Amino acid sequence: MFIFIILFILLLVLLVTNIHIVPQAHCYVLERLGQYLVTWEAGFHIKVPIFDRIVNKISLKEQVLDFPPQSVITKDNVTMKIDSVVYAKVFDARLYTYGVENPMIGLQNLAATTLRNIIGSMELDQTLSSRDKINTEMQQILDEATDKWGIKVTRVEIKNIIPPAEIEEVMTKQMRAERERRQTVLEAQAHQEAVVSRAEGDKRAKVLSAEAEKEARIATAQGEAQAIKMVYEAEADGMRLLANAGINEEVLRLKSIEALKNVADGQATKIYIPNDLNR
């Protein structure tokens, strides 16, 4: 009876030790008698003792592989260091386990050689201004090469490009000269715009002054014409009033004699009498 209890306990321990729970976003590769058997996905699993063996536990999450800076030589023989980051994930656990030894190290070496090949076909200026092109080419080449390893390369980023110190100094001088050139151009444009604006202002002022003078002359002429018109209208009204009052020519002559009498009372030494008064 005691032996049965011991056997039951051993069997229970053996069963418990062969129960496995695969976490989410992970998978286990299982072999039976040294040959690939199955890939366990996330969940509850039991393996056969002694015969089955878990050979690889793989994360299916996207991994960020920050590789150390690589020394590369451009087409115009400039040596620089480029720091790249590769984003990849496992899509086939069996290929990842049996396709290559140390697949991530293989991916790192492949990324380094690919980067050297791409940069070797480009000149320095093109390298500094073509990060997107380098990223795209590397991603396509690495993704195609790692398909047989069960790895999917989703993205490649050039994190940093470090040219030699003397190249950096030349680039700094060029950048400073370009900034000074742009500043000079902007100042010249500002001066030109100021001169044009001032000339436009002077022209506008002269036009306004001429228009004001013209309007003043027109107003003066209109005022004089109105005054003359009013004088003549007043004289015409006076003549009409005299005519309406019935004053004839003889009355006018008598009024003229009275006016001469008044003139003679003054200090005048000579008096001219119109001839028509004798009529």
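Q: Which residues touch the most other members of the largest nonpolar core?

A: This is a predicted model, to be clear. In its largest nonpolar core, which has 31 residues, the ones touching the most other members are Ile82, Val86, Leu107, Leu115, Ile134, Met138 and Leu142.

Q: And which elements give two or more residues to this core?

A: Strands S2 (26-32), S8 and S9, plus helices H2 (93-98), H3 (103-120) and H5 (131-145). H3 has the largest share, with six residues.

Q: Take Leucine 142 then. What does it touch, leaving out residues up to four places away in sequence?

A: Leucine 142 touches Val86, Leu107, Leu110, Ala111, Thr114, Val153 and Val156 on that count.

Q: Which residues does the second, separate core include?

A: That core has five residues, among them Val22, Tyr28, Trp40 and Ile54.

Q: Back to S8. How many of its 12 residues are buried?

A: Nine, so S8 is mostly covered.

Q: What does S8 pair with, and in which sense? Start with S9.

A: S8 and S9 run antiparallel to each other, paired over 10 bridges. One spot to look at is isoleucine 82, which stands opposite isoleucine 161 in S9.

Q: How many bridges for strand S6 and S8?

A: Four, again in the antiparallel sense, with S6 covering residues 63-66. Valine 64 has tyrosine 87 in S8 as its bridge partner.

Q: And S7 with S8, how many residues sit between them in the hairpin?

A: Five residues lie between the two strands, and asparagine 77 in that turn has a positive phi of about 65 degrees. S7 (residues 70-73) pairs with S8 in the antiparallel sense over four bridges. Isoleucine 73 is opposite threonine 79 there.

Q: Switching to charges: how many salt bridges does the structure hold?

A: Six. One of them joins the side chains of lysine 159 and aspartate 83, at 3.4 Å from N to O.

Q: What about aspartate 143, which residue does its side chain meet?

A: Lysine 152, in a salt bridge of 3.0 Å, N to O. Aspartate 143 counts as buried at 13% relative accessibility, and lysine 152 as partly exposed at 33%.

Q: How far apart in helix H6 are arginine 217 and glutamate 213?

A: They're four residues apart in H6 (residues 165-244), which is about one helical turn. Arginine 217 counts as exposed at 58% relative accessibility, and glutamate 213 is partly exposed at 43%.

Q: Last topic, the nonpolar surface patch. Which residues make it?

A: Ile5, Phe8, Ile9, Leu12, Val13, Leu15, Val16, Ile19, Ile21, Phe44 and Ile46, with an area of about 1,000 Å².

Q: Which elements give two or more residues to the patch?

A: Helix H1 (2-17), strand S1 (19-22) and strand S4 (43-46). H1 gives the most, with seven residues, and valine 16 lies in that helix.

Notes:
Residues are numbered from 1 along each chain as its sequence is written. This is a predicted model: local features need pLDDT of at least 70, side-chain atom pairs count only at pLDDT 80 or more; totals for chains, interfaces and linings use all residues. Side-chain values use heavy atoms; hydrogens and water are left out. A salt bridge is a side-chain nitrogen of Lys or Arg within 4 Å of a carboxyl oxygen of Asp or Glu. Buried means under 20% relative accessible area, exposed over 50%, partly exposed in between (1.4 Å probe, protein chains only). Patches are made of residues with over 30% relative accessible area and no salt bridge: like charges are joined within 9 Å, nonpolar side chains (Val, Leu, Ile, Met, Phe, Trp, Tyr) within 5 Å. Accessible areas come from the Shrake-Rupley method with a 1.4 Å probe; for residues, only the protein chains shown count as cover. A nonpolar core is a set of buried Ala, Val, Leu, Ile, Met, Phe, Trp, Tyr and Cys residues joined through side-chain atoms within 4.5 Å. Contact means heavy atoms within 4.5 Å. Two strands pair if DSSP finds at least two bridges between them.
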